[in-house]
Amino acid sequence: MLHFMALLLWVAGALAFAAGMPQLGWAIWAVVLINGLFSFWQEYQAERTLAVLRQALPRRVRVWRDGQLLELTAEVLVPGDRIALEEGDQVPADARLIDANALSLDLAVLTGESLPVARHARPIPLSRAILPMREQANLVLAGTTVASGRAEALVYATGAETEFGHVAGLTAATERGASSLERQVGRIVRTISTIAVSMGVLSFLLSWLFVGIGPLESLVFAVGILVANVPEGLLPTVTLALAISVRRMAGQRALVRRLSAVETLGSVSVICSDKTGTLTCNRMEVQATWLPEPGTGLDAGLLEQACLCSNAHLERGRGGLRAIGDPTEAALLMAALERELDPTTLQQRYPRRRELPFDSHRRRMSVVVESAEGTLLAITKGAPVDVIEHCSTQVGANGPVPLNGPLRQRALGANDDLAAQGYRVLAVARRPVEAHRLEARAEELERGLELVGLLALYDPPRPEVPDAIRQCHQAGIRVTMVTGDYGLTAQAIAQQFGLLDPPTGTAAQSREAMAADPVRVIEGPQLDRLSEVQLRQLLKYRHRLVFARMAPEQKLRLVQAYRALGEVVAVTGDGVNDAPALRAADVGLAMGQVGTDVAREAADIVLLDDNFATIVSAVRYGRSVVANISKFLTYILASNVPEIVPFLAMVAWRIPAALTVLQILAVDLGTDLVPALALGAEPPEPGAMRQRPRRRDQPLLNRPLLLRAYLVLGLVEAALAMAAYLLAWRAQGVSWAELQALAPQLLHGTATPFDRAMQHRASAATFTTIVLAQVGVLMACRSESRPALQGVGLGWMRTNPLLLVGIGSELLITAGLITVAPLAAVLELAPFPVAWLGWMLPVPLLVVLVDDARKRWDSAAATRA
């Protein structure tokens, strides 16, 4: 109730009091209060919708209960619970570490520290016990995130009793910055309000100084012009349009965490998508293995050691055993079960003594396990190129075989052959470890390894993705695949989706094609060699790109380069390493099923089904929000012209005003509000995904919209409304000269009751004509380009039943305002003869015909151009 448009109406109400019309002043101020309450209610509903939708994706924690590792909601944690943490998790409570493997925490939320801080499970010396909780190295605190490593801890504080809870209690709420949509709406409000004030002041001066109307009457005239130009229902309608789109997107499995992100989606021009789980089904299966010496009987040993170097575990459910954990590691356990191996027994027989967690830079994970005899064995699992680089021998039938040049190339060639078929390939290697070297650095433990073999896993592409990518290309949206996978694997998958041309030969030919055109598939090391200028040139002129073996900082650099070119970028991610790119993007999209807490917190939208096709649906709804705002802007502004023209005609022709200020308010907030809301609820148009993305800086209130609203629809409405007003006087037997003579008497309140009754009937005819014209405008505004009479049917009742409610409500309100005596007396309206409806009812059709002619003219002009 304190934004610029509302302040303008407060001033208009005060002017009405000054002009000696208190009933008008109270009416205008009531409009401000009602509009403020309605805006508050819509914002409350929108926030409530977001809160309810967030509950659909509660934060989960892994906690030991009754000897089993369960996944529960964070709210059920109590002191004494034993929780498991891994990279990407948000710590749910304050807890004491009892086991930690290469653990480091991001404490920025509590300390502002930008770098991760190491944590361990060892007791701290008594001399350091006086340190603040956040500085004690064997504690993990609620609200912080696991930057790397794994751990288990005992909870000692939850909720408001945690360190984070204490800080939150001392922290005042911070107001968020305005979104681009809010800034645009604010600009619209200021523009329209400036026009309204200018026209009001100009009208006052013209009528008083040049036409000879007294200052009191001129002030009433100026207030009428001012109120007629202010679209009172604009702000609540914008809020409702966003809230409706949020609900619709939730039905499409996209959870919006920031309301204004819906509008930004409509401008997305580049989607940087992860591969696993987004473009593929995230159902990994081991489909092939490669051994250095086929027939050596080491296939089972390869799977055994892969299972030992895994953090997934088996759990018995209703359908039998299932693997819980990372999909890739879960696939290894299920493959072992199919070979009649028991991963659980295996992990118990070889207890883990140390773990070096997977790192997106090292691209591998290592563990040290102990056999029953007490010997230690290091096992490494990871990207084949990186693992093979650290191998000096390979498994042989009679013991380790030196991995010389030809054998090394043979192993790398096997990796390429499997990758070119679209497999994700893992290498497994091992080496014995002396007890005194157990705590050696990672570089020492992972040096001089013995290659055990390769595992090829296949994650089938989602069947709906190729069509979704085709829709993106039709919509002018570039899709760039960004993955940590090997280049040939990424190329093969991209070819299956249609992102790259389909394969034409063998794996060797694929390697040659990739080498011949290295700018189609770019790996992380190649990206590092490009300067900023070269990278921008590449992104500007190459529209079909795949980036492979990408590190977090490289993904962030890619997003920043796209944005520097003026692109509006959407990024998908699921891990803690994706968080920087998610935050840097215009729209961050996190995975709801496999995403980490860090990724979800950094994102604007969470995909509940981790599906790329859901992104395309979300973009459609984002585009519809912008389109709907333009539609109801056109609708609201069009009625301003027939509301202004009666006052201009009063001054120019010296006739009575066809409308009063109260009648204008009745149109703007009585009859127009629900139909405007109905336009805000319009579903996406069929051609929404065949248009180019909207530019980031493109204004909502643009020249074509103003020309259509004011000079086409508005002028037609004004002409029809004034024709109805004059016809009403003619039907009552009053000539033009007699009408001009009545004007001063009606203005000064000296007219006879009979003359006032005729004016009320003529005003009712004008009011009804404007409402009927707005019905035509409502149907015309459903599309900016498609003629309203094209394919006329009742389909719109199914797609947007609120339109029917809007039309019905404005007709019922109009009938009530004219026929209910108390309301009619306040608004100075009166029932008119039913026969007059004969020349009013064609009005909606006339408005639609004029706008359809304009649409066809514009379409023909665009075709000629």
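Here are some friendly notes on this predicted model, point by point.

1. **Ground rules.** This is a predicted model, in which local features need pLDDT of at least 70 and side-chain atom pairs count only at pLDDT 80 or more, while totals for chains, interfaces and linings use all residues. Residues are numbered from 1 along each chain as its sequence is written, and side-chain values use heavy atoms, with hydrogens and water left out.

2. **Overall make-up.** The protein has 33 helices and 25 strands; helices (H or I, at least four residues) and strands (E, at least two) are DSSP runs, numbered from the N terminus. Of its 865 residues, 54% are buried. Here buried means under 20% relative accessible area, exposed means over 50%, and partly exposed lies in between (1.4 Å probe, protein chains only). Take the contacts between residues at least 6 apart in sequence: 72% of them join residues at least 24 apart. Contact means heavy atoms within 4.5 Å.

3. **The cores.** The largest nonpolar core has 123 residues, and Met249, Ile605, Phe612 and Trp729 have the most contacts inside it. Helix 23 supplies the largest share of this core, 16 residues. Apart from it lies another core, of 30 residues, with Leu291, Ala335, Leu341 and Met365 among them. A nonpolar core is a set of buried Ala, Val, Leu, Ile, Met, Phe, Trp, Tyr and Cys residues joined through side-chain atoms within 4.5 Å. As a general background, nonpolar side chains in soluble globular proteins tend to be buried together.

4. **Ile605 up close.** Not counting residues up to four places away in sequence, Ile605 touches Met249, Ala254, Leu255, Val256, Arg257, Ala261, Leu265, Val587, Gly588, Leu589 and Ala590. Met249, one of these partners, is also listed with Ile605 among the residues with the most contacts in the largest core.

5. **Helix 15 against helix 23.** Helix 15 (residues 465–474) packs on helix 23 (residues 612–638) at an angle of about 35°, with the axes 8 Å apart. Axes are lines fitted to C-alpha atoms, for helices over the stretch in contact, and angles run from 0 to 180 degrees between N-to-C directions. The crossing is left-handed, a term used if the near helix is turned anticlockwise from the far one by less than a right angle, with right-handed used if clockwise. From helix 15, Val465, Ala468, Ile469, Gln471 and Cys472 meet Phe612, Ala613 and Val616 of helix 23. By class, this contact has seven nonpolar residues, one polar and no charged. Ala, Val, Leu, Ile, Met, Phe, Trp, Tyr, Cys and Pro count as nonpolar, Asp, Glu, Lys and Arg as charged, and the others, Gly among them, as polar.

6. **Helix 29 against helix 33.** Helix 29 (residues 753–780) and helix 33 (residues 843–864) also pack at about 35°, with axes 7 Å apart, and their crossing is right-handed. Residues making the contact include Leu772, Val775 and Met779 of helix 29 and Val847, Asp851 and Lys855 of helix 33. By class, the contact has ten nonpolar, two polar and two charged residues.

7. The whole structure holds five aromatic pairs. Phe832 and Trp836 form a stacked pair, 5.7 Å centre to centre with 10° between the planes. Trp836 and Trp839 form a tilted one, at 6.0 Å and 35°. Rings of Phe, Tyr and Trp (its six-membered ring) pair if their centres lie within 6.5 Å; planes under 30 degrees apart count as stacked, over 60 as edge-to-face and the rest as tilted. Phe832, Trp836 and Trp839 make one cluster. Phe832 counts as buried because its relative accessibility is 16%, and Trp836 is buried at 7%, whereas Trp839 is partly exposed at 31%.

8. **Buried loop residues.** Gly277 sits in the loop between strand 9 and strand 10 and is buried, with a relative accessible area of 1%. Gly277 touches Asn282, Asp459, Arg462 and Asp610, leaving out residues up to four places away in sequence. Asn282 lies in the loop between strand 9 (270–273) and strand 10 (285–290) and counts as buried at 19%. Arg694, in the loop between helix 26 (673–680) and helix 27 (703–731), is buried too, at 12%.
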